[in-house]
Each structure stands twice: as structure tokens, then as C-alpha cells.
Amino acid sequence: MANQSPDRREMLAMLAKVAVIGQFPGFSRWACAGEHSHDQPSSPRPATYQPLFFQPSEYKTIDQLTELIIPKDDSPGAHDAGVVEFIDFMVAHDDELQYPFRAGLAWLNAFATEKYGADFSGLTPQEQEILLGKLAYRAQRSPVEVQGQEFFALVRKYTVFGYYTSRIGLEELDYPGLQIYSASPECPHKDDPEHKHLPAPRF
Amino acid sequence: MAKQIYDVIVIGTGAGGGMAIHALCEAGAKVCALNGSRRLDPRKDFRNHRQPYDMPFRGFGDPKKSKDYIGYMDNEYTEGIWEHEIAYTTAPGTVWTWRRCFAVGGKTNFWGRSSARFGDIDFKAASRDGYDVDWPVTYAEMAPYYSRVERMIGVASTVQNRPSNPDGEYLPPMNFRCIDRILESGSKKVGIPYLPDRIAQLTRNHAGHPACHYCGNCTEGCDTGSFFSTPWFFLPAAEKSGNLEIRTNALAKNILTDENGHASGVAYVDRTTKQEVEVYGRAVVVAASCVESARILLNSKSRHWPGGIANSSGQVGRNLCDHLYGTLARGFFPQLLGQPSFPDNVSSSTVAWMPRWQNLENPKQEKFIRGYSVYPDGGCSGFPYYADRLEGFGRNFKREIKRRYPTPVSFYIQAPTQRSDSNYVSIDPDVKDIFGIPAARITFEWGKNELLMWEHGKQACEDLLRASGAEYIGAGEIDIPGTSLHETGTCRMGNDPKHFVTNRFGQTHDVPNLYICDASVFPNCTDKTTTISILAFSLRTAEHLIENRKA
């Protein structure tokens with residue numbers, strides 16, 4: 001920072017002022033899940049999110065579905081990122097999503113009951129994965145389960161939305177934007193323009 | 001009380017109006033600027049540094065409102081800034097999306113910043129290929145204005161010696177990212193230029209404005225003023241001069257005329273009171289943007305001007321041109337799979353470009369005339385859109401999203417439409433906006449020439465991807481007409497008053513104290529973006545106006 005011009009220092013001070021932190025869905029879990037950078041004002045965050053649309057049983061199922069779709073491994077999963085909060089918030093505000101989610105959950109429970117004799121949330125994780133596999137993979141799909149396939153695609157879409165717009169998800173990707181760089185970032189592989197000799201993939 | 005008469009009334013404060021205001025106030029003219037909406041407050045209105053999780057709807061917007069968003073720039077970050085209240089209509093069969101920013105500064109608050117000069121290959125295109133007319137200016141005449149504009153606003157690029165792209169006075173270029181280096185290598189194999197874009201983004205402190213910090217969210221507005229917009233660059237000094245009064249929420253309705261049919265002022269609707277107000281001036285500059293300017297002229301009917309002011313040629317509103325936009329090709333780089341993320345998304349648009357390479361030596365080499373340019377995009381962006389195309393769920397799905405994060409690449413075409421009688425703006429005979437002003441109606445369709453460019457571009461970009469070692473996924477769609485925001489042609493400039501609305505200086509042939517300072521005066525559309533040329537032509541027009549006042 002020492003060699004920065006007065007202009008830039010002034011600008012950074014201004015940026016710190018405009019940095020805002022919201023009390024928005026998905027936040028209640030971040031206090032324990034992600035580290036916070038020093039320039040954020042410590043505003044109170046809701047300790048728990050109160051669902052606006054889903055019934056408790058539905059909410060639990062959506063939470064499980066999101067975690068099945070983006071599970072915790074070396075990095076936090078959808079549950080830790082509070083994706084269910086985001087989905088509930090979006091569905092509560094979007095009339096066109098309410099029926100597909102509600103009907104889809106009902107379909108999924110009926111499907112689970114037919115295969116394993118219990119609602120989806122009552123199945124073992126292995127059973128849940130097997131059921132979702134039938135909806136997710138082309139090779140396993142059955143034409144009579146189109147409604148379930150569409151529901152799975154919908155939940156997956158909103159899980160991706162919710163996860164990769166959370167702090168946890170952006171950290172998972174190591175999202176490099178919305179940061180301050182002192183010069184326009186430059187390709188570090190100058191002697192390898194075609195990038196055919198890069199270090200072995202990390203992931 | 002004697003009525004106040006300003007030297008000049010300027011309608012609009014975007015690129016064209018802002019530059020006219022800047023030049024006129026500097027020359028000592030008393031200016032009243034009419035602006036259709038409010039002033040923005042960068043601290044409140046520019047949310048460009050918010051992370052998606054700082055927004056209630058993560059940037060996707062409240063579904064109740066987001067269904068009415070017009071185009072990608074109208075979003076949760078910019079909510080409340082794009083215009084939704086003023087009606088426009090489309091003729092049967094026409095599809096047109098029309099984003100309008102009526103806030104002070106207009107679209108310069110959010111523009112794409114690509115800033116290539118037009119050249120004689122554009123101004124004299126008709127002489128080369130026989131279609132339509134040459135512009136009534138030469139590059140030699142315009143070059144000094146471009147240079148002055150570049151010095152004012154700061155454009156980062158390199159000298160490239162391209163036949164279709166005159167070089168200018170540039171700040172250091174943006175650096176190439178990994179995807180640029182890879183594509184640059186491929187481009188050499190297929191003979192397509194791949195070069196640093198000309199981008200009005202400050203790569204160092206310039207003219208009192210701080211250098212860019214490369215946060216990558218420019219299109220949500222810049223709260224440090226590190227790219228050109230009139231509220232950051234022009235309007236503060238003009239207001240400080242004491243020569244400028246900006247009236248906000250002043251929606252221009254029609255030009256007023258005196259007993260000779262000359263412009264005497266402007267009638268506008270105050271959006272806060274819904275009352276009609278008149279303001280008087282010795283000259284009027286119309287700079288409301290291409291379609292709005294035509295609407296205002298056509299709505300300015302009087303005894304002298306039954307078909308709309310300055311429209312004895314019948315050409316006001318005709319000849320509407322646009323850029324055909326669309327994604328020519330998508331792919332991904334296997335060589336980047338699993339590599340660490342890299343700051344690719346540092347300008348939210350264009351670090352590099354592929355400037356026109358068609359029909360250069362021989363104007364009729366291709367099946368189409370003229371040419372198009374392409375903007376590449378890719379790398380680590382704000383959201384993994386490619387996740388849609390992956391199958392499955394669980395750990396593999398999550399890992400695949402991460403593995404592919406640095407790899408996406410796509411190409412966006414900027415193809416000019418050619419002048420056509422079938423594309424125009426008229427006044428809807430039945431529909432008025434909520435303030436009672438007759439609405440603009442747009443009649444538009446793509447022409448064969450730009451569709452041939454689209455086909456050509458798809459093949460070229462597929463070839464480039466393969467030559468770069470990328471996997472080709474496929475082509476995207478052509479965007480809805482109007483997407484580019486690069487409308488031109490509704491008040492064309494030309495020497496013959498029978499066929500053109502303004503003379504070569506942007507002064508209307510019919511009404512000597514009425515000037516037009518936006519892209520509506522451009523006789524046609526080129527492969528280049530419009531803003532820097534709006535600035536250059538507006539500066540020239542404003543100085544012509546100043547000369548005329550002295551005379």
C-alpha cells in the first residue's frame with residue numbers, strides 16, 4: 001500500500017465505506033462457516049432464518065436435496081452455505097416457482113414412498129442418492145418420471161444459483177472479481193502462450 | 001418578469017449532450033440542460049462493489065420486478081435506474097428491446113467502453129462497394145476531434161496499424177489474460193487479428209481521475225469514475241463554470257418555434273409535477289439518443305413543420321440502423337481444466353477484440369459487404385453458467401464445476417446493419433406515454449447482409465477455437481434487435497437538404513439554430529461502437545455552433 005498514490009488511497013477509503021453487508025438469506029450460517037475480511041462493518045445478522053414459504057418438512061427436504069447436489073467435501077456444501085434459505089426466499093417472492101416446488105416435493109415423496117416406503121427426508125443418504133440418480137442421469141431416467149426429472153433440474157438450478165452466489169461458493173471457486181488490483185492482471189505463463197505445459201491440474 | 005432566454009438548450013446529458021454542454025459552457029455560453037430523470041448518487045446508486053450475497057436476491061433481482069428487466073444491464077445492481085415508465089411500441093412483426101437510461105449522464109453511466117475510431121473505410125464505404133452513400137466527412141477532418149476526445153476521456157490500447165482501424169492516442173493497454181494468450185496463438189494460425197481492445201478504462205491516473213482498480217463490475221456503474229461518463233468527467237466542471245443549469249425530471253416533449261419556424265426553446269413535462277414547462281433558448285441541441293431524438297423532432301409539429309421540425313426531407317426517423325449482437329461460438333479450454341483461478345473478469349467486458357478483418361483489400365471479397373468485429377470473453381467469471389450443461393449431482397458435479405471454472409470461452413459479434421427503407425422510427429398514431437406524449441414506434445428487421453456476417457463469424461470463431469486447442473460447444477443465438485444500444489441513422493447528416501436531416505456539422509438543414517448531437521446523425525452503422533464517435537462529432541458540432549454564434 002505504501003507506494004500507492006493519494007488518489008488510490010482515497011479511493012480505497014471510499015470503497016471501504018460503500019462496502020455493505022446485508023442481512024439477507026444465507027447469511028445466518030456464514031458467521032460460523034466463512035471468515036470475514038477486516039473491512040466489513042460488524043452489523044448484526046439474524047441468528048436463524050425464518051422460512052417464508054416452505055413448511056418445516058418441505059424445508060428440511062429442500063435442505064437435504066441441496067446438500068446432496070453440492071455436498072460438503074474438502075470445502076463446505078450447500079447446507080453450510082445456507083442455500084435452503086436462498087431458495088425459500090426466492091420461491092416466496094416468485095409466484096411462478098411456488099407450484100413447481102410444492103408439487104415437485106409432493107411427487108418426490110410419493111416416489112420415495114413407492115420405492116422405499118417413506119418420505120424422501122426419512123430415507124438413508126444412500127437411498128436418497130439412488131433416487132436422485134434416477135432423476136439426474138440420462139442413462140437411468142424413465143419416461144414416466146418426467147415430472148421428477150424436471151423437479152430435480154429445478155432444484156439443482158436454484159442450488160447452483162444459491163451456492164455459487166454465497167460467500168462460501170465464491171470462495172470455493174476462488175472467484176477473483178470484485179477485488180482491487182493495482183494493475184490489470186496479466187497471464188503469468190509468458191513462455192507458454194498455448195498453455196500446453198501448465199503444472200498438473202490442482203482439482 | 002421577462003422570460004429567461006438561455007444561449008443554448010441541450011436535450012440530454014449523455015455522451016452527445018454531455019460533450020456539447022462541456023464545450024458550450026467552456027466557451028461561455030449559458031446552457032440549460034434538460035434531463036429526463038434524476039441525478040444518480042454514486043454512493044447509493046452504483047452497487048458495483050457489492051458481492052451477490054450483499055444483495056437481497058443475489059443479483060438475480062426480485063422476481064416480481066426482474067420479469068420486467070430489459071436486457072442484462074437492467075438488474076438488481078442497477079435497479080431503479082433504467083427507464084420503465086415511458087412507453088414505446090413496435091410495429092407488427094417487429095421485436096425490439098430498448099433499454100434507456102434517462103438518469104443524468106444517460107448510458108455513459110453503464111456503457112461498454114470499447115472506443116475505436118471510425119476511419120475512411122467507414123466514411124467512404126459507399127465509394128468502395130457502391131452501397132448507400134458516403135459520409136459527408138473525411139477521416140482527416142475527424143482525426144483531430146478523436147485525438148482531443150481521447151485526451152479527455154482516456155482510452156487504453158496499442159497502435160495496431162490495422163487497415164480498418166485508425167490508431168489514436170492511448171494509455172497503456174489492459175494486459176492479456178491466459179485466455180487471451182491462448183486465443184492470440186490460435187488466431188495466428190487462422191489469420192484473424194487478436195489485439196488489445198480500445199477501451200475507455202483508465203490504466204493509469206488520467207486527467208484528474210483515478211486509475212481503474214479492475215474490480216470487474218463496470219457495467220453496474222463506476223463509483224470511482226475510472227472510466228468515462230459525463231457525470232464524472234464533464235458535468236461537474238460545466239456546473240462549476242456557472243454557465244450550466246441542469247433541469248432533472250424534465251422530459252422533453254417538443255421543440256418550440258418562433259414566427260420564422262426557427263427553434264425558440266423546448267417544451268418539457270416535469271415528471272414530478274406532471275406539468276408542461278417551456279424553456280427558451282437562442283439555439284437548441286437535441287441529444288436524446290437516436291430513437292428519442294427522432295421522436296422529439298417528429299412530435300414537434302407546427303405551422304412551419306407539419307411533418308415534424310427539420311423534416312422537410314421526410315428523413316427524420318428513417319434509416320434506423322443497429323448492431324446485430326449474438327454469441328457466435330462457445331467452447332472451453334481443456335488445457336486450463338483444474339488450474340487455479342485467475343483474475344479474468346477484470347473489466348466486465350473487453351480486454352481484447354478481433355477488429356474487422358473482412359473485405360479490407362477487396363471490398364467485395366466476401367458474400368457480404370463491409371465487415372464486423374468480434375469481442376472474446378471467458379475465464380473465471382462471477383458465476384459458473386456452464387454448470388447447466390453438466391450432468392448429475394454430488395461430489396463429482398461440484399468438482400467438475402470447479403475444474404471447469406477457468407475454461408469457458410465465447411465470442412460476441414458486433415455486425416452493422418445496412419441502411420434500409422424497411423427500418424425506421426415513427427410516431428405511434430394511437431399510443432401515448434403516461435405524460436401524454438405520443439410514443440415512438442419502431443419498425444425493424446435484420447437484413448441479409450448482417451445475417452451473412454453472422455454465418456461467417458460462426459465459422460471463423462469455431463475455426464479459431466479449434467486452432468486454439470479449445471473444445472467447441474456450439475453457437476449461441478442472435479440477440480433481439482435493440483440489444484446493442486447502438487442505434488444510428490434516424491437524422492442522417494449529408495450535404496443535400498432534400499435527402500438528409502443535418503448538414504455535415506450536425507446542424508439541421510431546415511432550422512439553422514437546431515443541432516443534433518447523437519448517433520442519429522451517423523449515416524449508417526459500422527463494425528465499431530458508437531460512443532467515442534458521438535463524442536467526436538458532438539464536439540465538432542458544438543464548436544460549429546459556437547462559431548455560428550460569433551458570426
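**Exercises on a two-chain model**

The contact takes 56 residues from chain A and 64 residues from chain B, where two residues are in contact if their C-beta atoms, placed from the backbone, lie within 7 Å. This is a predicted model, in which local features need pLDDT of at least 70, side-chain atom pairs count only at pLDDT 80 or more, and totals for chains, interfaces and linings use all residues. Residues are numbered from 1 along each chain as its sequence is written, while chains are lettered from A and ligands numbered from 1 in the order in which they are written.

**Exercise 1.** Describe the side of chain A that touches chain B.

Step 1. At least two residues each come from α1 (6-18), α3 (56-69), α4 (83-93), α6 (125-136), α7 (146-164) and α8 (167-173) of chain A. Helices (H or I, at least four residues) and strands (E, at least two) are DSSP runs, numbered from the N terminus.

Step 2. With 5 residues, α1(A) gives the most to this side.

Step 3. Sort the residues of this side by type: 32 are nonpolar, 11 polar and 13 charged. Ala, Val, Leu, Ile, Met, Phe, Trp, Tyr, Cys and Pro count as nonpolar, Asp, Glu, Lys and Arg as charged, and the others, Gly among them, as polar.

**Exercise 2.** Work out how α4(A) and α7(A) meet.

Step 1. Chain A has 8 helices and 0 strands.

Step 2. The axes of α4(A) and α7(A) come within 9 Å and cross at roughly 115 degrees. Axes are lines fitted to C-alpha atoms, for helices over the stretch in contact, and angles run from 0 to 180 degrees between N-to-C directions.

Step 3. From α4(A), A:Val83, A:Phe86, A:Ile87 and A:Met90 meet A:Tyr158, A:Thr159, A:Gly162 and A:Tyr163 of α7(A).

Step 4. By type, the residues of this contact are 6 nonpolar, 2 polar and no charged.

**Exercise 3.** Find which strands of the 4-stranded open sheet in chain B stand at the edges.

Step 1. The strand order is β11-β12-β9-β15 (chain B), with antiparallel pairing; two strands pair if DSSP finds at least two bridges between them.

Step 2. β11 (373-378) and β15 (471-474) of chain B each have a single partner strand, so one side of each is left without a neighbour in the sheet. These two are the edge strands.

Step 3. Between β11(B) and β12 (residues 408-416) of chain B there are 6 bridges. B:Val374 stands opposite B:Ile413 in β12(B).

Step 4. From one strand to the next, the twist averages 30 degrees.
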